[in-house]
Amino acid sequence: MNLGRLRRAAKRRTLNWTRSGRELDRGSYSHLVDYHIHTRLCGHAIGEPEDYVREAIRKGLAEIGFSDHMPLFHIRDDGLTMAPDELPIYAELIRDVQQSVESIAIRFGIEMDYIPGRMDEVWEAASAYEFDYVYGSVHYLDGWGFDDSRRLSSYAGRNPDEMYVRYFELFCEAVEKGGFDIMAHPDLVKKHGVRTTLPVDEMYREAAEALVEHDVAIEVNSSGLRQVAQELYPAIGFLRACVERGVAVTLGSDAHAPRQVGMDFDLAVKHLKRAGVTEIATFQGRKRTMWPLLTPRELG
Ligand SMILES: [Zn+2]
Ligand SMILES: [Zn+2]
């Protein structure tokens with residue numbers, strides 16, 4: 001066994017969370033957005049909204065959106081989401097930063113969990129707010145918060161193939177019934193390194209068909225590069241299945257710290273281009289607008 005090699009690999013894993021990521025050439029892309037930004041209200045993010053905005057301006061993004069976790073109603077966990085009575089505070093926090101910053105467009109979004117049978121109460125709580133967009137996420141497989149990094153021991157004894165099948169079933173159900181504008185991190189099931197031996201292309205195809213049928217967009221999310229998965233969400237095969245069918249695509253970093261805004265977006269744009277994406281989706285008042293996505297080379 002080559003312990004030196006293993007030690008280096010182990011080091012890389014722990015450093016991923018703190019590494020600075022790749023830098024973008026300031027202002028050299030035509031319309032880069034980061035729609036997936038959290039706030040400290042979720043209990044596992046740091047910094048003030050102004051710090052996230054400053055980083056977005058520094059990186060030359062055209063537009064950003066906050067999309068903190070919607071309160072959960074099936075469980076209470078201060079380390080996962082804000083409490084229901086904190087929603088007005090979130091709205092105020094974003095309103096304040098929108099009013100104080102003029103040099104970049106700032107949208108007001110939310111990231112909602114898809115919890116079968118509980119969506120009515122979630123939407124009822126959300127109805128008081130005029131979100132620019134609503135992300136849908138599958139973080140739970142029948143009550144198991146599989147993406148929660150605090151509970152990795154819960155993976156013991158799980159069947160990865162069953163995880164994939166159930167994840168994609170819930171993903172399709174979320175697209176059909178969730179009422180979301182965008183599906184976040186579309187293949188989150190791989191976050192902690194789980195892979196399936198089943199023909200995953202069939203799952204991608206089914207998911208892409210549901211997305212196009214219900215006119216729901218997806219995001220390319222760069223945070224998978226900071227996790228064991230070491231990959232962007234979604235995988236290139238999944239992204240291509242979506243693009244071929246005309247599913248709209250937007251972009252997010254899933255920033256939980258200011259320096260993560262726009263992190264690894266040069267890789268994300270390469271990924272988008274490889275899959276044939278030419279336009280990026282933006283939202284205002286839950287209405288979608290498409291912008292041409294041009295790289296520095298395309299801009300000349
Ligand atoms: Zn998420
Ligand atoms: Zn998120």
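Select A128 to begin: this residue counts as exposed because it has 9 C-beta neighbours inside 10 Å. The model is predicted, so local features need pLDDT of at least 70 and side-chain atom pairs count only at pLDDT 80 or more, while totals for chains, interfaces and linings use all residues. Residues are numbered from 1 along each chain as its sequence is written, and chains are lettered from A and ligands numbered from 1 in the order in which they are written.

A128 is placed in the loop between α4 (119–126) and β4 (133–137); helices (H or I, at least four residues) and strands (E, at least two) are DSSP runs numbered from the N terminus.

Proceed to V261, in the loop between β9 (249–252) and α8 (265–274). V261 counts as buried because 26 C-beta neighbours lie inside 10 Å. Select D51 as well: 210 residues separate D51 and V261 along the chain, yet their C-alpha atoms are 9.7 Å apart. Leaving aside residues up to four places away in sequence, V261 touches D34, I37, Y52, E55, A56, K59, S253 and A255, where contact requires C-beta atoms, placed from the backbone, within 7 Å.

Finally, display I182. Beyond four places in sequence, its contacts are Y133, Y135, V216, A217, I218, E219 and T250.

Key. Contact = placed C-beta atoms within 7 Å. Buried ≥ 20, exposed ≤ 12 C-beta atoms within 10 Å, placed from the backbone.
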